[in-house]
Amino acid sequence: MSITVPAPDPALALGLDCPLRVIDLDGTRLSEPTLDPHLADIDETALADLYVDMVRVRRLDTEAFALTRQGHLVLWPPLLGQEAAQVGAARALEPRDWVFGSYREHGFALLRGADMSEFARIWKAYAHGGWDPHEINMAPSQIIIGAQSLHGVGYAMAAKMDGSDDVALTAFGDGATSEGDVNEALVWASAFQAPVVFLCQNNQYAISEPVRVQSGVPLALRPTGFGIPSMRVDGNDVLAMLAAGRVAVERARAGHGPTFIEAVTYRRGPHTTTDDPKRYRDEAEVEEWTAKDPIDRVERALERMGANVEAVRAEAKIRADRLAKEFRAAAEHAEPPTADAIFDNVYVQPTRRLERQRAEHRAFVASLAEGAK
Amino acid sequence: MTETLTLAKAVNAALADALEGDDRVLLMGEDIGKLGGVFRVTDGLQARFGPQRVIDSPLAESAIIGTAIGMSYRGFRVVTEIQFDGFIYPAFDQIVAQVAKLRYRSRGRVTMPLTIRVPYGGAIGSVEHHSESPESYFAHTAGLRVVTASTPQEAYSTLRAAIASDDPVLFFEPKGKYYMKGEVDRAVVRDLETANVVARGRDVTIAAYGPTVETALRAAIAAADEGIEVEVIDLRSISPLDVDTVVDSVRRTGRLVVTHEAPAESSVSSELITSVVERAFAHLEAAPERVTGYDTPYPPSSVEHDYLPSLDRLLDAVDRTLGRRNSRTDLDHDRLTSAAMGAAR
């Protein structure tokens with residue numbers, strides 16, 4: 001791989017003053033010169049599809065939250081408020097592209113076709129991973145902050161080496177931008193002009209720490225120092241996110257290298273079900289962002305377009321309820337792993353040492369059963 | 001057919017043959033291209049296979065491993081180089097939390113056939129961070145294989161096995177032995193978990209790996225002068241450890257000395273001696289001994305000869321297992337070295 005350093009461009013970052021937006025809070029369609037050309041195909045039906053996607057993602061999230069409170073899942077990191085950021089970006093990709101995300105990427109997992117019964121197993125502590133990565137082209141969710149950004153860049157480099165125009169998208173949060181791995185990923189993506197999309201969902205908090213602890217400048221400014229073009233986008237505007245994703249994906253496919261998207265959004269729920277956000281933020285702030293709800297905004301936009309919103313809402317509800325039912329059944333009725341599975345998949349070629357430990361544990365378990373007789 | 005190669009050239013030959021044999025094999029690391037690596041181990045490979053397959057990377061160890069992971073998802077078999085042992089720590093998370101665990105995390109659906117080459121060990125007279133033996137950090141992590149080599153032949157064959165393995169492998173290269181010469185037969189095949197008995201003896205077993213195998217062979221030759229038969233085992237694999245071979249030997253000798261350059265605490269010798277005591281306690285005639293680096297940071301190299309396991313310390317340990325007084329003061333080191341080199345081949 002040869003290293004090419006792009007010339008510095010003062011206009012590398014868009015939206016620093018005001019995040020790029022194409023649907024206003026009241027549903028008005030705004031003109032945005034960078035994004036508009038990428039939305040020419042979005043009619044009423046396409047927007048309704050995005051609406052249904054977001055409703056389904058939210059329903060999955062709220063159902064999982066409830067299942068955790070009811071004791072069926074052990075933990076859940078909610079994404080309430082971030083539906084547009086994930087749905088918009090996910091719909092900018094093709095199935096052949098790859099996603100490398102964090103542990104909060106439920107929207108990506110759902111839209112890429114993760115098997116919900118397997119997905120539930122992660123949050124039930126039955127498995128560390130919840131889908132077949134090679135089936136849906138999405139790496140296992142990543143808990144180590146920012147580690148997946150390097151995997152995304154490596155995948156993109158490999159795609160380029162293969163002569164394909166496949167793209168990798170790596171998703172992470174605002175806190176991750178402080179990690180060495182994310183900064184190294186930016187260095188490598190720039191050096192090798194890797195066809196990668198960096199999606200930073202700035203949900204304003206890394207557990208309790210507000211984003212100003214991570215950065216005194218907009219996060220979208222940072223990649224410009226690495227020579228990577230960047231867009232600061234209204235992350236609660238699904239069309240803006242779709243268009244920004246398309247801009248980034250098209251650049252990557254055309255061989256123009258990496259793009260960074262900062263989705264300015266808000267995590268309205270706790271960091272996870274064990275968190276208590278009242279200790280670090282005001283309810284008024286949450287209400288302010290609730291007023292910018294990404295789903296409500298699309299309803300208003302559909303109304304303005306003259307769509308039959310009632311019908312769209314009804315369709316969304318049917319599909320979301322079906323999903324919730326499927327997910328609940330998976331969570332309630334999943335079969336726990338056997339103790340023997342502890343020893344599976346550590347190595348491709350099992351080691352004598354580990355097989356001996358497996359046999360010892362089996363014998364111990366058998367001895368307990370023998371003693372109980 | 002054999003050829004005479006230095007250990008560094010044997011590594012180079014293994015890399016070249018792997019690149020030649022499989023177009024999904026890539027090399028990536030700092031200065032490995034035009035320069036041929038700081039030890040010239042990758043000399044000529046970029047010129048031969050091109051910068052697409054022998055990649056000079058930016059200076060970021062975590063990214064070397066992290067991006068190699070991404071390439072593995074797409075079916076590449078990446079051989080990464082960490083320039084020096086002491087430079088591996090920035091990549092620690094990517095190695096122990098990612099490379100090691102992705103197969104487990106994905107329940108067998110993701111394969112990480114990475115090889116991580118690490119020149120390690122001392123006796124090169126260098127400055128801080130250039131002489132360490134960090135193998136135990138990785139041996140402690142499930143999902144990684146950790147191997148090393150003691151001769152050019154072992155280096156060639158074990159590295160070929162490491163690259164061919166679908167499991168991730170850390171391949172520790174004894175940089176102090178890079179210029180050791182030996183016969184290499186490229187047809188010799190090695191697995192990644194069988195130890196090798198390199199000298200037979202009935203009285204004491206010395207288990208060694210990497211750079212200390214040669215020292216152990218010298219000890220065996222010196223001890224033979226006094227009628228003591230030392231069996232020398234080249235462990236080859238640090239994780240998993242071939243405890244069976246060592247236990248088999250100790251059942252015959254009743255005495256065990258373990259040697260390595262790494263500090264003693266929570267080390268390969270800790271694990272090996274524990275395993276032998278667990279499985280061959282009744283066969284032991286004496287408490288096992290170990291001859292290792294001390295539990296200090298690696299010292300300034302002007303005094304590294306006092307830190308590293310030496311022939312004299314090893315012979316003292318052999319004597320202790322036999323209940324003999326330590327008396328080696330008149331060794332002909334040159335003769336022992338050349339004899340041991342012959343035995344190592």
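Ser266(B) lies in the loop between strand 13 and helix 10 (268-280) of chain B; helices (H or I, at least four residues) and strands (E, at least two) are DSSP runs, numbered from the N terminus. The model is predicted, so local features need pLDDT of at least 70 and side-chain atom pairs count only at pLDDT 80 or more, while totals for chains, interfaces and linings use all residues. Residues are numbered from 1 along each chain as its sequence is written, and chains are lettered from A and ligands numbered from 1 in the order in which they are written.

**Backbone features in loops of chain B**

- Ser266(B) is not a glycine, yet has a positive phi of about 50°.
- Ser266(B) counts as partly exposed because it has 14 C-beta neighbours inside 10 Å; a residue is buried if 20 or more other C-beta atoms, placed from the backbone, lie within 10 Å of its own, exposed if 12 or fewer, and partly exposed in between.
- Arg236(B), also not a glycine, has a positive phi of about 60° and is found in the loop between strand 11 and strand 12 of chain B.
- Arg236(B) has 27 C-beta neighbours inside 10 Å and therefore counts as buried.
- A cis peptide bond, with omega near -5°, leads from Ser239(B) to Pro240(B), and Pro240(B) sits in the loop between strand 12 (237-239) and helix 9 of chain B.

**The sheet of chain B**

- Five strands form an open sheet with mixed pairing in the order 9-11-10-13-14; two strands pair if DSSP finds at least two bridges between them.
- Strand 9 (196-199) and strand 14 (289-293) of chain B are at the edges with a single partner strand each, so one side of each has no neighbour in the sheet.
- Strand 9 and strand 11 (residues 230-234) of chain B run antiparallel and are joined by three bridges; Ala199(B) stands opposite Val232(B) in strand 11.
- Helix 9 (residues 243-253) of chain B packs on the sheet, and its direction makes about 160° with that of strand 10 (204-208) of chain B; axes are lines fitted to C-alpha atoms, for helices over the stretch in contact, and angles run from 0 to 180 degrees between N-to-C directions.

**The interface between chains A and B**

- In total, 39 residues of chain A are in contact with 35 residues of chain B, contact meaning that C-beta atoms, placed from the backbone, lie within 7 Å.
- Helix 6 of chain A gives the most to the side of chain A that touches chain B, with 11 residues.

How values were computed
Contact = placed C-beta atoms within 7 Å.
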